[in-house]
Amino acid sequence: MAGDGESSNTDGANDHIDLSVYRKLVRQFIDMRRYSSALFWAEKVSVLSGHEPRDVYYQAQCMFLLGEFHRAAHTIQHYKLEKSSLPCFNLLLESLYAAKQYNEAANIIQVVEVETMTTSVINQPMDTASGVYFESNSVFGGEENNRNELLASIFLVKGKVFEALDNRGMAMDFYVQALHKSIYCFEALEALVQHEMLMAWEEFELMHHLPLAQQSSEADAKFILKLYESRLKKYYELISARNAEEISPIVNPDVLKYIKEFTARVQQTCSTDTQVPKPSVSKVPMASSQFMSPAQKVLDDLKAPTFSLQTSLSRASSMIDTTHRSLFDASNRRGSREHESDSLMPLNDCLSRVQRSTDLLAAEAEKCFYDCDYKQCLKILSSLLKVDPFHNNALTIQIACLVENGDFNKLFYVAHKLVDRYPDKAISWYAVGCYYDMIGKSDPARRYLSKATSLDRLYGPAWLAYGHSFANENEHEQAMAAYFKATQLMRGCHLPLLYIGVECGLTKNLELAEKFFLQAMTIAPMDVYVLHELGVIKYEYEYFDGAATIFQCTVDIVRQRAKANNEEVSARWEPLFINLGHSYRKIQKFEDALYNFQFALLLKPQSGNTYTAIGFIHALLGNLDEAIEYFHKSLALNRDCIVTSTILKDCIEDLMDDPTTIDEICRKALKDVNEYTTPSSRRVINTDKLGGIKMNLKFDEEEEFSNSDSNMVVEMSFDP
């Protein structure tokens, strides 16, 4: 018996456990999304290895994947790996961000210096035959292989943390650094673009300063630039940063020249405090109004930006090290030993095939949307959503298109489907809120839009729609509060500034409204909505020449876009032609005014106001008969219009005061009498005309009244 015990002890001493097998098993479980099993074995491997950094990392990663974010963060901090291992520090920040411990994450960011940290504190085994690390697919695959990718990921999480703390200046700086550390860090670009952090010219500069040559081949640089440029702004032409040949052909050169000159005047106006002459209409003094003080604060914040792209680009460029190559370069060097010809594709074929990508289709649909080509936009989205029915960007554009077209039935279906599938996403409740706002139910619309902003407070469209729900009921203060929040979140978007200006104009604060429109024009100088609203302010200021010029420029852009889209001008632009007509009327160009009013009538035929405007122009031209006719048509559509009734009364009085009018009436009346009376009755009339008597006459030609009552008597009265 004693011999058997000694034999078993000897066998146990010679047996070994291969930890690499269990490490590989953990990664396999993670790939198969069996996270509980992976965590069980990862914890055992970590204990057996004496808590090596890579084993602790995989243990914490399993906790993170199970949604146990606090537990994952505590595991890394317990073994004090956040200051010695880049992967562990990256995972710690991810865990704290997911757990919404933003302040704690910011404190750790301030303490730890990642540039001096190594990728791993251990040396990885290498296959001498192939020169490839055994764990080359993991974040511990070697310092030269993954350092830049890890740094990009860390800077990305830093940006998310500071954005959650409303420090958007620091967030933008970290996003730019992440994109420079690795040009493949798409999430950094998506955060900058999707959250409207950059102006259009800043996006243009960012694209031209990416270190593509250092981190990719020439063909890959063209491919990446093609993909990234599809994510940039599409709602106006970038005039300042492009040549004339690069401008879209829908823009008339004369219009473009005017816009450039006008933009220069706008920038000059914004840089100097010129005193605008007071209009004839009364304005609310801003200084004594507590309501307008937030608007002035927004303008002051815009004049003193907290972020400088040039500074951020300079800092990111100075941090680029030639020894820090991207994953592309490392894999390219390894792949050169095992060239697979079937994985190589010509660049032209790649650029052609990638056009069928859902992301590029969504970008094309967005471009059509901002060009007001809603029909083509919906056509593209229809084919896209068949492939990916829950593409987030495509759904946002689809909701906007359905709202513009007034298709509330389709919007109801889309919203219902999203709420069923994704009740925790902001876009689902955004769609529900848009539906209720479209059918005129503001209270549920606000409730659901507020829920969308609470789920994702960085979702700009929900804030804008939330403001619209108040603006539709003339609740200007609440609407502007929502627009102010959207302005903070959407630095590079002109829409919040546009809507704030509209609300200021509705409250008759024209000076402040004009400032917001001019600020919006510095962001989007070719946006027709901004031009139109600025023309309205000029009209209110009684600068009718300037208003007519701006309106005409806007009309030219609208016509050219409609022509480029092979469609007619949309009925939504009817107010634009009405305003242009009134501006021409004010400067005595009645023929041009009449043309625009008639075109507006084609866009919206059953508009009483348009009939009144046309009648007024005819009255000014002296065509009283045509004026009275149009006034009657207007009253037939809106009988309670006091303005139309008053002008009609004046026109009738003027018409009756004209001597030729009486003669014309008598001539027509005599003609009618001669036409409908017989010779016998005419003789009776002439005979008894001077008698001044009242008599009953019976016509001789009874055969003419064979179909009428034979006892019919025509009673006629003659004055002496």
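Which helix holds the place of Asp-650? The points below answer this and then turn to other features of the model, which is a predicted one.

1. Asp-650 is placed in helix H35, a helix that covers residues 642–657. With a relative accessibility of 37%, Asp-650 counts as partly exposed. On the surface, Asp-650 gathers with Glu-653, Asp-654 and Asp-657 in a patch of negative charge.

2. Salt bridges come next, and the structure holds 21 of them. In general terms, side chains of opposite charge can pair when their charged atoms come close. One of the salt bridges is formed by Arg-23 with Glu-52, where the closest N and O atoms are 3.3 Å apart. This pair links distant parts of the chain, since Arg-23 belongs to helix H2 (residues 19–31) while Glu-52 sits in the loop between helix H3 (35–48) and helix H4 (53–65), with 29 residues separating the two. As for burial, Arg-23 counts as buried at 12% relative accessibility, whereas Glu-52, with a relative accessible area of 25%, is partly exposed.

3. Glu-52 also takes part in a salt bridge with Arg-54, for which the closest N and O atoms are 3.4 Å apart. Arg-54 has a relative accessibility of 11% and therefore counts as buried, the cut-off for that class being under 20% relative accessible area.

4. A further salt bridge is the one in which the side chains of Lys-233 and Glu-196 meet, at 3.3 Å from N to O. This pair, too, links distant parts of the chain: Lys-233 lies in the loop between helix H13 (218–229) and helix H14 (253–271), and Glu-196 lies in the loop between helix H10 (186–194) and helix H11 (200–208), the two residues being 37 residues apart. Both Lys-233 and Glu-196 are buried. Elsewhere, salt bridges that share partners join Arg-23, Glu-52, Arg-54 and Asp-55 into one network.

5. How many disulfides does the model contain? The count comes to zero. Cys-401 is in no disulfide, and the nearest cysteine sulfur, which belongs to Cys-377, is 3.3 Å away; the pair is not counted because a disulfide requires two cysteine sulfur atoms within 2.5 Å. Cys-401 is buried, its relative accessible area being 0%, and Cys-553 is likewise buried, with a relative accessible area of 5%.

6. Two backbone angles deserve a look, given that most residues other than glycine have a negative phi. Lys-508 has a phi near 65 degrees, which is a positive value in a residue other than glycine. The position of Lys-508 is in the loop between helix H27 (495–506) and helix H28 (510–523), and at 36% relative accessibility Lys-508 counts as partly exposed. Glu-542 has a positive phi as well, with a value near 70 degrees. Glu-542 is located in the loop between helix H29 (528–540) and H30, and it counts as partly exposed at 40% relative accessibility.

7. Is Phe-544 buried or exposed? With a relative accessible area of 18%, Phe-544 is buried. Phe-544 is found in helix H30, which is made up of residues 544–564.

Conventions:
Residues numbered from 1 in each chain as written. Predicted model: local features only at pLDDT ≥ 70, side-chain atom pairs only at ≥ 80, totals over all residues. Heavy atoms only, no water. Patch = residues over 30% accessible without salt bridge, like charges linked within 9 Å, V, L, I, M, F, W, Y side chains within 5 Å. Areas by Shrake-Rupley, 256 points an atom, 1.4 Å probe, with all protein chains shown as cover. Salt bridge = Lys/Arg side-chain N within 4 Å of Asp/Glu carboxyl O. Lys, Arg positive; Asp, Glu negative; His and termini not counted. Charge placed at Lys NZ, Arg CZ, Asp CG, Glu CD. Helix = DSSP H or I, 4+ residues; strand = E, 2+ residues; numbered from the N terminus. Buried < 20%, exposed > 50% of the residue type's maximum accessible area, 1.4 Å probe, protein only.
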